[in-house]
Amino acid sequence: MKQMLEYVHGNSLIHRLNPLTKLIFAVVTCVACFIGSNHLFLLGILLFTIIIAGASGILGRAAGVYKALFILGLFLMLFQLLFTPQGRILFYILPGVPVTDIGLGFSSLLMLRMMAALAPLSLMLMLTPMNELLTAMTHNLKVPYRYAFAVVTALRFIPAFSREMDQIMQAQRSRGHETDTRNPIKKIRVIIPMCIPLLISSVRKVETMAISLETRGFCTGPRSCRKKLGFTLFDILAIILVMAALPVSIIIG
Amino acid sequence: MISIRNLSYRYNKKAPLVLDNISLEIGRGEFVALVGQNGAGKTTLLKQLNGLLKPSSGSVTINGLDTATVKTSELACHIGFLFQNPDHQIFCGTVYDEIRFGLVNTRRQQELIDGRIRRIAGLLGLEGMLDRNPFTLSKGERQRVALASVLALETEILVLDEPTTGQDYKECVEIMEIVKSLNQQGKTIIMVSHDMEVVVDYCERTIVLHNGRVLEDDDTGIVLRKTESLGMAGLEPPQIIQLAQRFGPLFQDVISPEDMARAIISCAVPGGVRA
Amino acid sequence: MIRFNDVSFSYENSDEMAVRNINAHIGRGEFVGIIGPSGAGKSTLLSMINGVIPHFYKGDFYGEVLVCGRDTVESTCGKLSHHVGSVFQDPESQIVSTVVEDEIAFGLENFNIPAGEIEARLAEALRMAGIEHLRHESTAALSGGQKQRVTIAAAIALRPEILVLDEPTSQLDPRGSRQVFTTLRQLNREYGITIIIVEQKVMLLSEFCSRLMVMEKGRIIMDGPTRSVLEHNDRLLELGINCPRIVTLTKLLKNASLWSGGYPVDVDEAETVVRGIMEGTHDQYQEPELSIQ
C-alpha cells in the first residue's frame with residue numbers, strides 16, 4: 001500500500017504541471033466516476049490514467065498500484081456478487097451460489113468504479129511533490145498552513161510507519177510470534193505486540209519532528225514561498241480537458 | 001551449523017540484487033562480525049538466517065533446516081535475533097512478561113518458564129527490575145531487556161544487529177561482556193557492528209560485505225589490516241592498526257594498545273631492534 | 001557568546017535535577033564536544049541553548065542561559081533559531097520535505113524571507129554543507145550521512161552563529177559519521193560557526209573538537225582543551241567514558257617513561273609520538289619498565 005502514496009521523482013511534462021491542475025484532475029475524475037455508471041466510460045477513465053502514468057514515466061510503479069486496486073476490486077466484486085440474487089442465473093460459482101446477469105453487471109461496475117476513482121488520486125500523489133501540494137493548498141486554495149501541513153505530513157508519514165511496522169513485525173516473529181492466523185479473536189491478540197511498539201515509536205518520532213519544527217520557526221508568522229506555482233498553457237489545456245470529462249460522464253452515464 | 005550456498009536476494013523481480021551470490025559456512029561456537037556500509041546488505045543477510053527473508057536463489061540451512069521451507073517461528077527455537085532498536089519489540093507491562101513472551105510463543109513447558117526467566121534476568125543484571133515497566137528504563141537497560149527476551153529461548157545461535165548503537169561506553173561493554181560469556185559457553189554469535197573497536201576486541205572472525213558481496217572473510221586481525229577493502233566498504237581500521245601500519249612490517253601483529261606499547265618498548269630499549 | 005549562569009533544571013514530573021549548577025562560557029568559533037554516560041544531562045544542556053528548554057519541555061528552571069546576549073527564557077525557539085541551528089539524532093523525523101532544496105528552504109519560508117533571497121541563501125547553505133550535488137535529489141533516496149548533512153544545511157540556511165547537534169551520527173556508518181564531522185569542521189573553520197556537539201564517539205570528538213566538556217549526573221565535571229581533558233584518561237575510564245586507543249597507548253608509553261609530551265588527538269600525531277620514541281630523539285629517555293599488563 002505504501003507505494004500508492006509516495007512521490008516518484010521525475011521531470012516529465014505532467015510532473016511539472018501545477019499541483020492544482022493535478023488536484024483538480026484527481027477530484028473531477030473521482031466525481032465523474034461516481035456520476036457515470038457505464039462500464040465503457042469507467043474503463044476509459046482507467047485507461048486514461050494508465051496513459052498518464054505512462055506519459056510521466058512511472059508506469060512501473062503505477063503497475064503495483066493497479067494490481068493492488070485490482071485485487072481489492074475483485075474482493076469487492078465477489079462480495080457484491082454473492083449478495084445480488086436478482087436477475088437471470090448465468091452459472092454457479094459454488095453449489096447453491098448463483099451468479100446472475102444483474103449481479104455480474106452491477107458488481108463489475110462497482111469494481112471498475114472503485115478502481116477508476118482511486119487510481120487518479122493515487123496518481124496525483126505519486127506525481128506531486130508534497131511541498132508543491134502544500135503550496136497549492138495554502139496559496140491557491142487558502143487552506144490555513146498549519147492544517148495543510150498536518151495533512152501532507154500525515155500522508156508523508158504513512159510509508160515511514162509502514163516500514164516501521166515491518167521492522168516491528170519481524171522483531172516479534174523472530175521471537176517466535178506467529179503473525180499469520182485466520183482466527184479473528186487470535187488476530188486481535190496477534191496485533192497487540194505490534195501496535196504498542198508502533199505507537200511508542202511514533203510518539204517518539206512525532207516528538208522529534210515537533211522539536212525540529214519548533215527550532216525552524218514553524219508557524220511563527222506570515223510565511224513566504226520560494227516557488228511561484230504558475231499556470232502554463234499546458235495547465236489550462238489539461239484543466240479544460242478534465243472539466244470536459246464531467247459533462248461527458250453525465251451524458252454517457 | 002549455518003550453511004549459506006550461492007545465496008542471492010532481491011526484494012522483487014525488477015529490483016537490483018541486495019545479496020549477490022554469497023556462500024558462507026559458520027561453525028558452532030564461532031564469534032563472527034559482519035561489517036560494511038549501511039546498505040551493503042548486512043541486515044538483509046541476517047534476516048535470511050531466521051527466515052524473515054527467503055532466498056531468491058541459493059539456500060540457507062540452519063542446523064540442517066532449510067529456511068525456505070521452515071517457518072520463522074520454528075527457526076526461533078534455533079536462532080535468537082536481537083534487533084537494533086529494542087523499542088521495536090518491547091510491548092509488555094513488565095520486564096518479566098517481556099522476557100516470558102518468546103517462551104510462551106515457542107510453547108515451552110509452563111513450570112520451567114519461571115525459573116528460566118529469573119536465571120536469565122540474573123545473568124543480565126535485571127533481577128531487581130522484573131516488576132518494572134520497561135518503558136521507564138534507560139535505553140541501555142531496555143536493550144538488556146530485549147536481549148534477555150531473546151536469550152530466554154536458549155538458542156544455540158545468537159544474531160545481533162548493532163547491539164551497541166546509541167549506548168554509552170559502559171552500557172556497550174556490559175552488553176558485549178555478556179555476549180562474550182555466552183560465546184564462551186558455546187553459543188555461536190553473529191553480530192553486525194559499525195564499531196571497529198568492538199569488533200577487534202570481541203570478534204574472532206570478520207566478514208566484510210560490500211554491495212551484497214563478501215569482500216573479505218578471515219580472522220579479524222587479518223581483515224582489519226586490509227586497508228583497501230575496508231576503504232572500499234567505507235570503514236577504517238581501528239586506530240592502533242592504522243598507527244601500526246605506518247611503520248611497515250615493524251608492528252605487523254599489533255592489535256591492542258598493550259601489544260603496541262610492548263613492541264615499541266622492545267624496539268626502543270638499548271639492544272632492542274631499531275626502526 | 002553562550003553563557004550559563006548557575007543553571008539547574010528539572011523536568012516536569014521529575015524530582016531529580018537533570019542538570020545542576022552549570023556555569024560555563026562558550027566563545028565565538030569554538031568546536032565543543034560534550035561527552036558523558038547516558039542520563040548525564042548532555043541533551044538537557046543542549047536543549048537549553050536552542051530554547052527547547054524551557055519552551056518545549058517544561059520544568060523548573062533556575063539560573064539563566066544567555067545566547068548572543070539574549071536570555072533564552074525570555075526568547076522563543078523561533079527567535080533563537082536565527083542564532084542557534086539544531087540537528088538531532090534521527091534524520092528521518094527531522095526532514096519534512098521530499099526534495100532536498102525544499103527542505104533547506106523550509107525554515108526560510110517560515111520566516112517569510114522573500115523568494116529572491118531564499119534562492120541566494122539556499123545556494124549558500126548547499127555550498128557551505130558541501131552538498132550542492134544533492135540539491136534536486138529526493139530526500140528519501142539519500143544515505144544516512146547525506147540526510148544528516150541536509151539537516152545541517154537546513155539549519156545553517158537561517159545563518160545562525162551557533163550550531164548544536166545531539167548525537168547526529170549515532171545512526172550512521174563510519175563513513176557517514178566522518179562526512180558529518182568533516183562538514184562541521186569546514187563550517188567551523190571557514191565560516192566561524194560555533195559548534196557544540198553531544199556524541200558518544202570519543203575518537204571523532206578528540207580528533208575534531210578543540211574543547212571537551214565531560215558531564216556526569218547533571219554536572220560538568222571536566223571542561224577544557226581536548227588535550228588537557230585527555231590527560232585525565234584514568235578518570236574518564238572510571239566514569240565509563242571510552243578513551244581513544246592512541247591515548248591508552250600514549251599513557252602506557254608515559255608509564256614506561258618513554259614519552260613525557262602531550263596526548264595525541266589523531267593518528268598523525270600518534271605517529272609523531274612513536275617516531276619520536278623510535279628515533280631516540282625524545283630527550284627524557286630513561287630505562288623503561290618492561291612490565292605492561
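Domain bounds, as used here, come from an automatic or database domain assignment. On this basis, chain A of the predicted model is divided into domain 1, formed by residues 19-128 together with 229-252, and domain 2, formed by residues 138-215. The centres of these two domains of chain A, taken over C-alpha atoms, are separated by 29 Å. Along the principal axes, the C-alpha atoms of chain A fill a box of roughly 65 × 60 × 30 Å.

The secondary structure of chain A consists of eight helices and two strands. In sequence order, these elements of chain A follow the pattern α-α-α-β-β-α-α-α-α-α.

The packing of two helices within chain A was then examined. Two packed helices are described by the angle between their axes and the distance between the axes. Helix α1 of chain A (residues 19-35) packs with helix α5 of chain A (residues 130-140) at an angle of about 85°, and their axes lie 9 Å apart. Angles of 65 to 115 degrees count as roughly perpendicular, and α1(A) is therefore roughly perpendicular to α5(A). On the side of α1(A), the contact is made by P19(A), L20(A) and L23(A), which meet E132(A), L133(A), A136(A) and N140(A) of α5(A). Classified by residue type, this contact of α1(A) with α5(A) has five nonpolar residues, one polar residue and one charged residue.

The second largest pocket of the model holds about 840 Å³ of space. Its lining comprises 40 residues, of which H194(B), D195(B), M196(B), E197(B) and K201(C) are the closest to the pocket centre. Elements of chain B and chain C give two or more residues to this lining: in chain B these are α6 (169-184) and α7 (196-202), and in chain C they are α7 (174-191) and α8 (202-208). The largest share, five residues, comes from α7(B). By class, the lining of the second largest pocket has 18 nonpolar, 10 polar and 12 charged residues.

Two features of the backbone were noted in chain C. The peptide bond that leads from I53(C) to P54(C) is cis, with omega near 10°. P54(C) itself belongs to helix α2 of chain C, which covers residues 52-55. The other feature concerns N21(C), a residue other than glycine, whose phi has a positive value near 45°. N21(C) is located in strand β2 of chain C, which covers residues 19-26.

Conventions: Residues numbered from 1 in each chain as written. Chains lettered and ligands numbered in written order. Predicted model: local features only at pLDDT ≥ 70, side-chain atom pairs only at ≥ 80, totals over all residues. Heavy atoms only, no water. 1 Å grid on protein atoms, 1.4 Å probe; cavity = no way out; pocket = protein on both sides within 12 Å on 5 of 7 lines; lining within 4 Å. Points joined across faces, edges and corners; volume = space filled by probe spheres on them. Helix = DSSP H or I, 4+ residues; strand = E, 2+ residues; numbered from the N terminus. Nonpolar A, V, L, I, M, F, W, Y, C, P; charged D, E, K, R; others polar. Axes fitted to C-alpha atoms, helices over the stretch in contact; angles between N-to-C directions. Parallel < 35°, antiparallel > 145°, perpendicular 65-115°, else oblique. Contact = heavy atoms within 4.5 Å.
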